[in-house]
Amino acid sequence: MRIPFPAQVALSAVAGVVSFLVARWVGEAVVGHLHAIPFALVVLAVVLLVARFGGILFALPVGTAAILAYDWFFLPPFRDLNEAAFTLLGTFLGMAVIVGTVTTVTARRAVEAERARGDMAEVQASLRRLALLIAQGEAPQRVFEAATGEVRRHLGSDTAALIRYELDGSTTELACEGAAEPKVSAGLINRVRETAHSSRLDATAVGVPIVVNGRLWGMFAVGSVEGGLPDDTETRMSDYTELVATAVADAQSRAELISSRARLVAAADEARRRIERDLHDGAQQRLVALALRLRMAAQDDEVAEIGGDLMTVIDELRELSRGIHPAVLSENGLRPALRALARRSPLPVEVDVELPRRLPQPIEVGAYYVVSEVLTNAVKHAAAQVVEVWARAEDGSLRLRVHDDGSGGADFSGGTGLLGLKDRIEALGGTFDVSSPAGAGTTVSVRVPLSG
Ligand SMILES: Nc1ncnc2c1ncn2[C@@H]1O[C@H](COP(=O)(O)OP(=O)(O)OP(=O)(O)O)[C@@H](O)[C@H]1O
Ligand SMILES: [Mg+2]
């Protein structure tokens, strides 16, 4: 049981009076039998013990009163207990209690300030850890779990949970740290949802809303079986709710960016396909018909020659439309399409591609354009002797590498080809890296997750 501080002060004054009485009684009993120095040492030893277990607040009045009694009743001349003696005793005791009280209060404040500083440093460290995770682009689920763990540690609660409010009115528990009990009550979840403000069930559970871009997104709940949650729990959680809101907003905008890039790439692919169809169904057919009519109507060499030229133009047009969106890719898949690219390249190209099955169409198209552009770059810029194309489907990803042994020095800022590929691959949730040290060839590495 903790005694309130004013009561402790009163008690220390009483202890001073008691110690005066006891010292007087002992002093009168042993005077003449005991030497002054050993008795003084005994008195000091007692004061030391009181200081050790009761602190300065008790040691000062006890010591002052005991020494007065020692002086008055043990060392001659002995003193009469008249009014002056009581006044002196009262004054000494009063001074001892005041000094003891001031010293104790100052010491306690220093300890509290030290503890608050320690707390603050701990909170800063834990917020820094979380901010680092967010900055590193860690998956939201990892951030949620880490934040929930930090909240629980920070508040010393038995349990902490992160809950998301879904649009259909349901809720999802994204993370739960600590003990399974106490469970977050539905009442608390609903109250925070309805009011969008913090809410508490006495000292056993507190819920704090998380607002993302002005919309109530979810809540943090902490619970304590024994009801030991401090009064300022809500304020102490606010830094954490803000960080989680930042992480969520960050993840949302990243997801939106990826899907808008994907939409752009898909729209560009669709446009290419339409051009190919239009060329094939429209201009190409009419040119073929024209060439046939010319051939039939051919009277002289000149006209026959024009017919022949026209056929060449048609072939070129066919090649072109195939390049825009190669039929071999949609019909036979990535491996044959890459081999066709390799055959058409003026450079020797070694193709080492093993894919057990067809891949999702956007991935096949993306990989095809990567190889096509990088082969073109190798011819245009690298003065390479040979190009190697390697691809595997491993660990749920397509991994693709194209290497040339040319001059190196490829640079995203030099044109639009490499940048367009990077956009296209990242729109698929993948990574696109170029390593091109001067004089050591160029390697383009691509990794695309096969699922979603
Ligand atoms: N394999 C390579 N070897 C050496 N330099 C390269 C290689 N690939 C690209 N580069 C350099 O990097 C620059 C950027 O390449 P990128 O493909 O983006 O543009 P580009 O080929 O110049 O033009 P385009 O937009 O028509 O593709 C090139 O201009 C070239 O200087
Ligand atoms: Mg290029």
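## Leucine 419 and helix H12

Leucine 419 sits in helix H12. This is a predicted model, so please read each feature below as part of a prediction. Is leucine 419 buried, exposed or partly exposed? A residue counts as buried when 20 or more other C-beta atoms lie within 10 Å of its own, and as exposed when there are 12 or fewer. Leucine 419 has 13 other C-beta atoms within 10 Å, so it is partly exposed. The C-alpha atom of leucine 419 is separated by 9.6 Å from that of phenylalanine 432, with the two residues 13 apart along the chain.

Other residues of H12 are buried, namely Leu418, Leu421, Arg424, Ile425 and Ala427. The cover over the buried residues of H12 includes helix H7 (233-297), H11, E9 and E10. Just after H12 comes glycine 429, with a positive phi of about 80°.

## The sheet with mixed pairing

Five strands make up an open sheet with mixed pairing, in the order E6-E7-E8-E10-E9. Which strands stand at the edges? They are E6 and strand E9 (431-435); each has a single partner strand, so one side of each is left without a neighbour in the sheet. On average, neighbouring strands here are turned by 10° against each other, direction ignored.

Six bridges link strand E6 (residues 349-354) with strand E7 (residues 387-394), and the pairing is parallel. Valine 349 stands opposite valine 387 in E7, and glutamate 350 has glutamate 388 of E7 as its bridge partner. Together with helix H11 (residues 361-382), strands E6 and E7 make a β-α-β unit that is left-handed.

E7 also pairs with strand E8 (residues 397-404), this time in the antiparallel sense and over eight bridges. Within this pairing, valine 389 is opposite valine 402 in E8. The hairpin of E7 and E8 has two residues between the strands, and aspartate 395 takes a positive phi near 50° there.

## The buried side of H10

Which residues of H10 are buried? They are Leu334, Ala337, Leu338 and Leu341. These residues cover an arc of only 100° around the axis, so they lie on the same side of H10. The buried residues of H10 are covered by elements including helix H9 (327-332), E6, H11 and E7.

## The antiparallel sheet

Strand E3 (residues 199-201) and strand E4 (residues 205-212) run antiparallel and are joined by three bridges. Serine 199 stands opposite glycine 207 in E4, while leucine 201 stands opposite alanine 205 in E4. This hairpin has three residues between the strands, and aspartate 202 takes a positive phi near 35°.

E4 then pairs with strand E5 (residues 215-223) over eight bridges, in the antiparallel sense. In this pair, proline 209 is found opposite methionine 219 in E5. With two residues between the strands, the hairpin of E4 and E5 has asparagine 213 at a positive phi near 50°.

## The annotated transmembrane regions

UniProt, in an unreviewed entry, lists residues 7-26, 32-51, 56-73 and 85-107 under "transmembrane region". How do two of those spans look in the model? Residues 7-26 are 100% helix and 0% strand, with their end C-alpha atoms 28 Å apart. Residues 32-51 are 80% helix and 0% strand, and the end C-alpha atoms of that span lie 29 Å apart.

Note on methods: Residues are numbered from 1 along each chain as its sequence is written. Chains are lettered from A and ligands numbered from 1 in the order in which they are written. This is a predicted model: local features need pLDDT of at least 70, side-chain atom pairs count only at pLDDT 80 or more; totals for chains, interfaces and linings use all residues. Two strands pair if DSSP finds at least two bridges between them. Helices (H or I, at least four residues) and strands (E, at least two) are DSSP runs, numbered from the N terminus. A crossover is right-handed if, with the strands pointing away from the viewer, the path from the first strand over the helix to the second runs clockwise. Axes are lines fitted to C-alpha atoms, for helices over the stretch in contact, and angles run from 0 to 180 degrees between N-to-C directions. The arc is that of the directions from the helix axis to the C-beta atoms. Two residues are in contact if their C-beta atoms, placed from the backbone, lie within 7 Å. UniProt positions are given in the numbering used here, feature names are shortened, and annotations may be inferred rather than shown by experiment.
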